[in-house]
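Here is a short briefing for a first look at this structure.

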Amino acid sequence: MGAKTGLLVYADSEVPGLLRRVETADLPRTFAMMQRLYPGREIEQCAGSTLGDGVYPPTGTAYAASWPGVDVIADQRVVIDFPSRLPEDLVAASAGRRLVLHATHSGVDWLAFAVWEDGRLVRSLSLSPDSGILENLGEPLPFELPYWAGDRPADVISWPDEEEEPYALPFHPLELGEDALRALCGFVQEGRPEPDDIDADAIELYGFHVRDPHGPDPAEQEAELRRVMEAMDPPRFYTLSPDGSLVERDGF
């Protein structure tokens, strides 16, 4: 599974039901929401995305849409190890509403999700095989129960000629992450779609560059990265010889 998400959803009631009814979001309403959630930041509209493709935007970019009853923001800034430490201003904006956070990173099999009701944290879970359970607050939600009961064990295939070691967790975080995304938001990223799932590709999100006016300039950072990469030596490739030693070869 190859999923990355960084998603916040504010809703007046259950998110899936609200997202099933949305149409084109109003841009001025969405921009006003961004200004409320990112005070003191410079916000500039850029190319947008969809809820299907835009749940993990590039650094410095947020994808968002605001409709009556539900607001969606995708931003790497909410990809945090401890969801309970989400910035207070973002939590305060959920007064009288439900707030859902969903974050995953497939490179390390990491999952985090959390739910607030009227600003009160009711559930938070963050875990990966390398770090173990980082945060486990509140009672497990119904979609979690088969995982904790041992009914959804991790199915990890070992490399050829390697002894299979037990997975470090009783289940695979990314599998739970897909069920969390479906239960909390009504759609999936990598799992098999079900008939009642929302068509996330049909929900358009506006794009915004979000910058701290007192922080480093993103264009300068990108230019510096290009300069560093251009100064690097060309990559070298090796193959394993019959005697087990590494032999350098040309290209792939």
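In this predicted model, the largest cavity has a volume of about 30 Å³. The count comes to one cavity of 30 Å³ or more. Rolling a probe the size of a water molecule over the atoms shows where empty space is left.

**Cavity lining**
- Nine names make up the list of lining residues for the largest cavity: Ala3, Thr5, His102, Thr104, Leu174, Gly177, Glu178, Leu181 and Gln189.
- Strand S5 (98-105) and helix H5 (173-185) are the elements that each give two or more residues to this lining.
- Which element gives the largest share of the lining? H5 does, with four residues.

**Fold and extent**
- Six helices and eleven strands occur in the protein chain.
- The C-alpha trace of the protein chain spans about 65 × 50 × 35 Å along its principal axes.
- Among contacts with a separation of 6 or more, 63% join residues 24 or more positions apart.

**Burial and surface**
- The protein chain has 252 residues, and 41% of them are buried.
- The accessible surface of the protein chain comes to about 14,400 Å².
- Carbon and sulfur atoms hold 51% of that accessible surface.

**Charge**
- How many positive and negative side chains does the protein chain have? There are 20 positive and 46 negative side chains.
- The centres of the two sets lie 6 Å apart.

Technical notes. Residues are numbered from 1 along each chain as its sequence is written. This is a predicted model: local features need pLDDT of at least 70, side-chain atom pairs count only at pLDDT 80 or more; totals for chains, interfaces and linings use all residues. Side-chain values use heavy atoms; hydrogens and water are left out. Buried means under 20% relative accessible area, exposed over 50%, partly exposed in between (1.4 Å probe, protein chains only). Contact means heavy atoms within 4.5 Å. Accessible areas come from the Shrake-Rupley method with a 1.4 Å probe; for residues, only the protein chains shown count as cover. Lys and Arg count as positive and Asp and Glu as negative; His and the chain ends are not counted. The place of a charge is taken as NZ of Lys, CZ of Arg, CG of Asp or CD of Glu. On a 1 Å grid over the protein atoms alone, a cavity is a set of points where a 1.4 Å probe fits but cannot get out, and a pocket is an open set with protein on both sides within 12 Å along at least five of seven lines; lining residues have an atom within 4 Å of a point. Grid points are joined across faces, edges and corners, and a volume is the space filled by probe spheres set on the points.
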